[in-house]
Amino acid sequence: METTTKTAKEIYLEVKANPARKRFGFGEKAILVNIDPQKAYTRTDLFKTAYETDPRQLEYINELAKRFRAMGWPVVWTHVAYMESGEDAGIWGTRTDTPDSLQNIKFGSERSEFDDRLEIDEVNDVIYLKKMPSAFFETQLQSLCVWHKVDTVILTGGSTSGCIRATAVESLSRGYRTIVPEECVADKHESYHYANLTDLSLKYADVLGVQEVFDWLDAKG
């Protein structure tokens, strides 16, 4: 095993500056999947479980969603919430039991609500409740991708080391070109964030600046 004294961020920036892998690239049509941008994870002023990496993250997500809608491409928002018993969190909800624990994001709670800064079209956008890390797991996301004949999945939200990574791995496994706009994902600690951006970029997805995604959408439009 290779060892290093470099930080996860330093390693990521080196990989970014000197890419060693061919890009998967964009395809012909994309779906935008915004993963769990709910108050439990975005409102740092309210909840200890929340985090912010790029202060313009939600602004960029709104702009991506706006452009997708203008093109008639699907926009998806996911969130997590659980029963009072927490049993629908399964084994994932057994490691801790504090007010901040995952399974204690209850239906109807403020923690389960989407961030008020998001611009969600409740008529035309698709909203999925998920229980596990991947946005594909036991949701209708795969069927939606097939219906819209997409070949590219663009992921935003959080966390980079958790639900973004899990969804990216499953997206690749299902044969989709997977794009992670760097400014649009966030995590609790920079070490987890950058280590997983490195791993994603080397294995499972194209980690790109959000402007490159905007430019591609402009060209497609």
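## Close-up views of a predicted model

**View 1. Thr78 and its partner across the strands.** The bridge partner of Thr78 in strand 3 is Tyr128. Welcome to this structure, which is a predicted model. Strand 3 covers residues 126–130 and pairs with strand 2 in the parallel sense, over five bridges. Strand 2 also pairs with strand 1, again in the parallel sense, over four bridges. Here, look for Asn34, which stands opposite Trp77 of strand 2.

View 2. Follow the side chains along strand 2 and you will find Val75, Trp77 and His79 pointing one way. Val76, Thr78 and Val80 point the other way, and the residues on both sides are all buried.

**View 3. Ile31 sits in the largest nonpolar core.** This core has 27 residues, and Ile31, Val33 and Leu141 are those with the most contacts inside it. Two or more residues come from each of helix 1 (8–17), strand 1 (30–35), helix 4 (141–148), strand 4 (152–158), helix 5 (160–173) and helix 6 (190–204). Helix 6 gives the largest share, four residues. Which residues does Ile31 touch, leaving aside those up to four places away in sequence? They are Phe68, Pro74, Val76, Leu141, Leu144, Cys145, Val150, Thr152, Val153 and Ile154.

**View 4. Another core lies apart from the largest one.** This core has 22 residues, and among them are Leu64, Trp73, Val210 and Phe214.

View 5. The structure holds seven aromatic pairs.

**View 6. Trp77 and Phe114 form an edge-to-face pair.** The distance is 6.4 Å centre to centre, and the planes make an angle of 70 degrees. This pair links distant parts of the chain, 37 residues apart: Trp77 is in strand 2, while Phe114 is in the loop between strand 2 and strand 3. Both Trp77 and Phe114 are buried.

Technical notes
Residues are numbered from 1 along each chain as its sequence is written. This is a predicted model: local features need pLDDT of at least 70, side-chain atom pairs count only at pLDDT 80 or more; totals for chains, interfaces and linings use all residues. Side-chain values use heavy atoms; hydrogens and water are left out. A nonpolar core is a set of buried Ala, Val, Leu, Ile, Met, Phe, Trp, Tyr and Cys residues joined through side-chain atoms within 4.5 Å. Buried means under 20% relative accessible area, exposed over 50%, partly exposed in between (1.4 Å probe, protein chains only). Contact means heavy atoms within 4.5 Å. Two strands pair if DSSP finds at least two bridges between them. Rings of Phe, Tyr and Trp (its six-membered ring) pair if their centres lie within 6.5 Å; planes under 30 degrees apart count as stacked, over 60 as edge-to-face and the rest as tilted.
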